[in-house]
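Here is a walk through one chain, from its overall build down to a few single residues. Keep the viewer open as you read.

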Amino acid sequence: MIGRARILSIVLLSLLMACNSHEPTEETVPAALIEQEMAVSVPMEPKPPHYQHKLTYESTKNILIGETTIQAWNRTSIPTDELNIQLFLSAFEPSQKQPPVLPKSFSRAYPHGVQYGRMDIQEVQVDGFPVSFHRDGAILKVELQQPWSANTPREIQLQWTGQLPGIHHRLGSEKEAAWFGNVLPILSVYDGEWRVNQYEAVGDPFFSEAGSYEVEVTVPDSYHVVMTGEEEASNEQGSSKTVSKVDRAREFVFAITPNHQQESIRTSSGKDIHLYHRTLSKQTVSKVLQEAKGMLDYMESRVGTYPYQQLDIFENEMFITGMEYPGLVFVRSDRLQDPKGIETVVHEIAHQWFYNIVGNDPLNEPWLDEGFATYFADEYLQGAKLPSYYAEEKRYLDRHFPQTKIQPIHHYPDWASYWRGNYRKSSLMIFALQQELGEEAFSRFLKEYVQEFEYQIVTKDEFVAFVKGYAEKDMDSFFQDWFK
Ligand SMILES: [Zn+2]
């Protein structure tokens with residue numbers, strides 16, 4: 001985009017110079033120049049951010065070396081004199097005041113003892129010029145010398161080196177495999193205000209706009225790279241380079257492994273699901289793939305088209321059960337081994353629609369993705385038993401945890417209370433909404449909601465307003481009751 005802006009200004013400049021030196025009348029201007037002039041006068045459309053990451057992994061030191069280029073537009077009407085980039089790997093440095101893991105989860109997160117990570121930024125450039133920057137925990141802050149005006153692009157380049165911590169979390173490593181959830185620098189959301197945050201120990205504190213990605217990962221050739229999108233690998237002199245290009249994704253993630261096996265299945269609409277595993281029996285692999293296919297088919301018919309050609313499921317050892325990323329989900333080994341753990345697999349698949357396609361602020365309104373992902377996992381797994389299953393779940397919640405509220409993540413002291421509010425109570429609300437609207441209106445609502453907000457960020461107010469278009473009665477008291 002920057003490149004095109006520069007080319008257009010050169011064209012404009014030479015056109016003006018041509019006009020000044022020769023003073024052509026309209027009749028004497030060649031048709032080609034008129035066409036160029038028309039091209040110049042068309043303003044460029046503001047676009048979602050475009051990321052290019054060139055990454056090299058050094059396996060002996062567990063280090064990732066990165067060059068990141070972000071082309072982004074200020075798509076608001078409000079200029080800003082700063083730039084913020086989330087560097088979530090920084091949260092794993094020893095100097096961080098706020099640990100990314102609750103103290104009671106430390107032994108599970110660091111089974112081999114605490115080994116910190118770090119993120120070093122060597123250089124930041126904006127529009128080709130080095131700029132000064134500083135760090136505030138997991139946030140990289142750049143003061144701009146010239147304000148970033150409304151509807152204009154900026155190009156940001158970062159040179160960095162990341163030391164992966166010895167952890168079992170959304171990022172981590174075990175037995176030569178490594179996974180890189182929320183490791184790549186990502187632009188903070190700017191909607192007239194910068195939405196920045198630290199790495200919270202509870203919830204998924206990752207708020208981002210959908211963008212396009214071109215990523216290249218170089219690893220020793222004994223490794224296989226699994227990425228968001230469709231991977232293309234090529235080998236050269238002992239190393240392997242894997243690339244992936246994705247038009248629309250809310251984040252980009254990858255994992256590397258020398259020893260996972262790949263088994264695949266094709267869905268009814270011709271999408272490929274790849275399971276990367278290293279502890280599963282043949283029978284378990286078949287069961288996981290069948291259920292993943294069933295869920296993807298189910299979501300496509302119930303909600304809308306899955307946006308990519310493939311979906312990868314990667315087995316790892318993180319202390320949380322599963323984590324969703326666009327086109328690639330991480331699921332903990334024991335969840336894949338346990339027949340009941342299929343719930344985690346289908347939940348992460350549902351997130352492909354609710355989190356990736358329809359985005360939301362997962363710090364302040366996490367129920368917008370977790371409520372739907374939980375609801376659809378339950379609807380798929382329970383089928384006709386869903387009403388009685390949810391009646392029992394509601395009785396249990398009302399009896400034992402009547403104070404449970406649907407709230408922003410910082411209100412919850414631990415994962416269990418966060419789960420009760422943003423997974424269970426929120427999924428019960430979606431079910432109640434289905435009852436309230438009736439199945440026909442609810443089905444229409446689902447498909448149209450996803451279409452209306454695809455690759456956008458939806459808020460609670462927009463959600464409530466959208467629901468009202470499908471209801472025959474006043475919904476204010478419904479939402480007041482569920483959110484009180
Ligand atoms: Zn979830």
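## Ground rules

Axes here are lines fitted to C-alpha atoms, for helices over the stretch in contact, and angles run from 0 to 180 degrees between N-to-C directions. Helices (H or I, at least four residues) and strands (E, at least two) are DSSP runs, numbered from the N terminus.

This is a predicted model, where local features need pLDDT of at least 70 and side-chain atom pairs count only at pLDDT 80 or more, while totals for chains, interfaces and linings use all residues. Residues are numbered from 1 along each chain as its sequence is written.

## The chain as a whole

The chain holds 12 helices and 23 strands. Its C-alpha trace spans about 85 × 60 × 45 Å along the principal axes. The radius of gyration is taken over C-alpha atoms, and the globule rule is 2.2 Å times the number of residues to the power 0.38. For 484 residues that rule puts a compact globule near 23 Å, and the chain's 24 Å agrees.

Call a residue buried if 20 or more other C-beta atoms lie within 10 Å of its own, exposed if 12 or fewer, and partly exposed in between, with C-beta atoms placed from the backbone. On that count, 38% of the 484 residues are buried. Two residues are in contact if their C-beta atoms, again placed from the backbone, lie within 7 Å. Take the contacts between residues at least 6 apart in sequence: 69% of them join residues at least 24 apart.

On the H4 side the contact uses Val 288, Glu 291, Ala 292, Met 295, Leu 296 and Met 299, and H6 brings Ile 342, Val 345, Val 346, Ile 349 and Ala 350. By class that makes 10 nonpolar, no polar and one charged residues. Here Ala, Val, Leu, Ile, Met, Phe, Trp, Tyr, Cys and Pro count as nonpolar, Asp, Glu, Lys and Arg as charged, and the others, Gly among them, as polar.

H7 (residues 367-382) has 14 of its 16 residues buried, so it is largely enclosed by the rest of the structure. Just after H7 comes Gly 383, with a positive phi of about 55°.

Two strands pair if DSSP finds at least two bridges between them. An open, five-stranded sheet with mixed pairing runs in the order E19-E20-E21-E23-E22. At its edges are E19 (261-266) and E22 (322-325), each pairing on one side only. From one strand to the next, the twist averages 15°.

Six bridges link E19 with E20 (residues 272-277) in the antiparallel sense, and Ile 265 sits opposite Ile 273 in E20. H4 lies across E19, E20 and E21 (310-316), at about 145° to E20.

Now pick out Glu 315, in E21. Is Glu 315 buried or exposed? It counts as buried, with 25 C-beta neighbours inside 10 Å. Beyond its neighbours within four places in sequence, Glu 315 is in contact with residues including His 260, Tyr 276, Arg 278, Val 331 and Leu 336. Asp 334 is 19 residues from Glu 315 in sequence, with 9.1 Å between their C-alpha atoms.

## Around E7

E7 (residues 139-148) pairs antiparallel with E3 (residues 80-86) through six bridges, and Glu 82 has Glu 143 in E7 as its bridge partner. E6 (residues 133-136) also runs antiparallel to E7, over four bridges, with Asp 136 opposite Ile 139. E6 and E7 form a hairpin with two residues between them, and Gly 137 in the turn has a positive phi of about 60°.

## Two loops with positive phi

Most residues other than glycine have a negative phi. Asn 62, in the loop between E1 (50-58) and E2 (63-73), has a positive phi near 60°. Asn 62 is partly exposed, with 17 other C-beta atoms within 10 Å.

Gln 237 also has a positive phi, near 45°, and sits in the loop between E16 (232-236) and E17 (239-249). Gln 237 is exposed, with 5 other C-beta atoms within 10 Å.
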